[in-house]
Amino acid sequence: MAQSDHKKFFENLSGAGKAIGVLTSGGDAQGMNAAVRAVVRMGIYVGAKVYFVHEGYQGMVDGGDNIEEATWESVSSMLQVGGTVIGSARCKEFRTHEGRLKAAYNLVQRGITNLCVIGGDGSLTGANLFREEWSGLLDELLQAGKIDNEAVLKYSHLNIVGMVGSIDNDFCGTDMTIGTDSALHRIIEVVDAIMTTAQSHQRTFVLEVMGRHCGYLALVSALACGADWVFIPEMPPADGWEELMCTKLSENRARKKRLNIIIVSEGAIDSNNKSITSEHIKDLVVKCLGFDTRVTILGHVQRGGTPSAFDRILASRMGVEAVLALLEASPDTPACVVSLCGNQSVRLPLMECVQMTQEVQKAMDEGKFEEAVRLRGRSFENNLNTYKLLAHRKPQSELPHDEALCRSSFNVAVLNVGAPAAGMNAAVRSAVRVGITEGHKMFAVNDGFEGFSRGQIKEINWGDVGGWTGQGGSLLGTKRTLPAKYIEKIAEQMRINNINALLVIGGFEAYESLLQLSEARLHFEELCIPMCMLPATISNNVPGTDFSIGADTSLNAIVETCDRIKQSASGTKRRVFIIETMGGYCGYLASVGGLAAGADAAYIFEEPFDIRDLQSNVEHLTEKMKTSIQRGLVLRNENSNENYTTDFIYQLYSEEGKGVFDCRKNVLGHMQQGGSPSPFDRNFGTKIAAKAMLWISRKLKETYRQGRVFANTEDSVCLLGMHRRALIFQPVVQLKEETDFVHRIPNEQWWLKLRPLMKILAKYKTSYDVSDSGQLEHVVRNRSKETENVAI
């Protein structure tokens, strides 16, 4: 590898002689345990001592048994547990100088000069103050004769790294805080359940979700379930909203919609800074419309339950990154927060983030709500803009009508191609509604290109896609057939229906389809129209994007099953499970699922393995059985190796492990493809479909000449994907070089960088490229439109 000179590997970073304290503080959040587990194991892995600080800052002040050395085994089985196992408390004493003096003494006694704090902005501000006072506190302890000069010199500096654990997602500088995705899972589970009963009785439901100062949970859950109305602190409704809302609700009923869902953030206010409560909304609906209305306050349900796959991966990545940041910290580097920007972990100065978070509140207190939204960051702003696009149907008079084009309406067709993926329907709904808002006529194609060739094309309206966000599979119907087979018939149908643009939602087949259609433009003028593809496949094997619609739902299904399987082994002991996942030749589900489920190994096609690797895995598990963790979990991607099949690996493990452990195998199969879409997939599908429709509108205007649309350039056939920190449109022709068409995978895949994390957390010696981490960045205010991000 020519690049190896520039790469930076963490083997050069040693934790020998260092002690790290890890604590969770403030309100609990699902995923905190995954972060604690990652810090402990990564810390031990690099040779440091790691201590649990129980009960947050209270435990640090009280000392004694509250500060306890952690072992590798002491964080076993923590990954799937919600809340925080080491306890959290709000501590008044730590806010006093005396309290911090006691805490400093307790840390010095154990040689702890590195702190990893998992909590909200209050907890992190406290940690920073503690760091600033540290040398003064040591001097006081020296004067009081509690410590000696040697200790003052040896422990002269305290390093702090923060991770944000908060279900509200109210911290500036990170797209997602640990716990937010799991809280959304809880909300959406409840909304889906409520929808069935509301439909039965034609009811209106008012749902109150958490978020005293931040409307993120309310906003994203409203997007994810297609709520009729949402109230959040950052967007107070204009005066007269009561009448507007009631009109909207009654219009929806008139359009045969049997239920209404209104989501209220607990901190919702009106333009006069007066609180808007769920009871007030209920009374209003009953009084104005006489609808049967019920209120559900979700409360602490949102904090509970097992962490989602997203939160486990986020927390594990952040935990490892936090240890690296502590190892590299010096007296000159500011206390930092490890956070997520797009799909990358970044380090940001802690106080910059805290100041910006406080500025949001200040802007809201002063009634500068647009400023508050801007300060919240790209992720929040994008969600809000998408919600506004989709929320209310505009009357015909308000639809765009461009005189220069002499027409206001283009015909845009939407279809699904390939295998079904959860979230496809959310994308179709979003595309249809944004298309209608843009003034287009939307057409739905059933059964992919096969249906297209048969003329299964019909106009689809605003109301036709109501309630689609929460439905799994593909309601339009989907087929794997590629268009080349029917190209003449497809061109004919394009002509008959006067289709001016095409939106294809699907996996690798959709990508191949667009390549075929763009090649066929030479022979068929009907295909010279703007085309866009949205990646939707559980395998996540499409080039040009880091994420695909459906992959998150599938990961959650795998992780949930692995949790149950691990639990079944806790009774029998000494058992190893071999689990086969889907994905074709792409090892994404096996690798990332393995990281989220705490697997010991994951066999994938991209990382060739031989009999020696299998043998060393068996030996590793044999060693593991001698400890208190007497179970193993091994994942295998379905096409990882044609000879080392799941059966072969199962038989090999059974034979080699005789007398030490027994084996069971499990093929997960199509359960990975089904189910209701996760909040991430609903939101991702909704946002990228909205963005794609705006792109299509722009392209249609650019390519409309002499009374018709004519687009034959490379950049008029694009794939919209998320790459690192941004959502970008890439011409499919340019992605050809990046693709392995034989195995239907991209040549380079970002998630391979996560594989060493799984190995480290499973106690394997491995090499880990940390070139991407280590640069301390600064909080950026209002980034340019070009780099809009979609992390939800």
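Two strands are said to pair here if DSSP finds at least two bridges between them. Strands themselves (E, at least two residues) and helices (H or I, at least four) are DSSP runs, numbered from the N terminus. The structure is a predicted model, so to speak of local features a pLDDT of at least 70 is needed, side-chain atom pairs count only at pLDDT 80 or more, and totals for chains, interfaces and linings use all residues. Residues are numbered from 1 along each chain as its sequence is written, and side-chain values use heavy atoms, with hydrogens and water left out.

In β2, Y51 is the bridge partner of G21, and V50 is the partner of I20. Strands β1 (residues 19-24) and β2 (residues 49-53) run parallel and are joined by 4 bridges. Both belong to an open sheet of 7 strands with mixed pairing, in the order β3-β2-β1-β4-β5-β10-β11. At its edges sit β3 (67-69) and β11 (344-349), each pairing on one side only. From one strand to the next, the twist averages 25°.

Strand β1 is mostly covered, with 6 of its 6 residues buried; buried means under 20% relative accessible area, exposed over 50%, and partly exposed in between, using a 1.4 Å probe and protein chains only. In a regular strand the side chains alternate between the two faces of the sheet. In β1, A19, G21 and L23 point one way while I20, V22 and T24 point the other way, and all are buried.

Next come the helices. Helix α14 (residues 424-437) meets helix α22 (residues 679-703), their axes coming within 7 Å and crossing at roughly 35°. Axes here are lines fitted to C-alpha atoms, for helices over the stretch in contact, and angles run from 0 to 180 degrees between N-to-C directions. The crossing of α14 and α22 is right-handed, meaning that the near helix is turned clockwise from the far one by less than a right angle. On the α14 side, the contact (heavy atoms within 4.5 Å) is made by A426, A427, S430, A431, V434 and G435. From α22 come R682, G685, T686, A689, A690, M693 and L694. These contact residues divide into 8 nonpolar, 4 polar and 1 charged, where Ala, Val, Leu, Ile, Met, Phe, Trp, Tyr, Cys and Pro count as nonpolar, Asp, Glu, Lys and Arg as charged, and the others, Gly among them, as polar.

Helix α14 is mostly covered too: 14 of its 14 residues are buried. Its end C-alpha atoms are 20 Å apart, which agrees with the 20 Å that its 14 residues should span at 1.5 Å a residue; the expected span is 1.5 Å times one less than the number of residues. After α14 comes G439, with a positive phi near 95°.

Helix α19 (residues 588-597) has 10 of its 10 residues buried. Among them are Y588, L589, V592 and L595. Their cover includes α10 (309-328), α18 (551-572), β18 (575-581), β19 (601-603), β20 (631-637) and α23 (755-761). G598 follows α19 and has a positive phi near 75°.

Positive phi also turns up away from glycine. S77, with a phi of about 65°, lies in the loop between β3 and α3 (97-110) and counts as partly exposed at 35% relative accessibility. Q706 has a phi near 45° and is found in the loop between β22 (704-705) and β23 (708-709). With a relative accessible area of 80%, Q706 is exposed.
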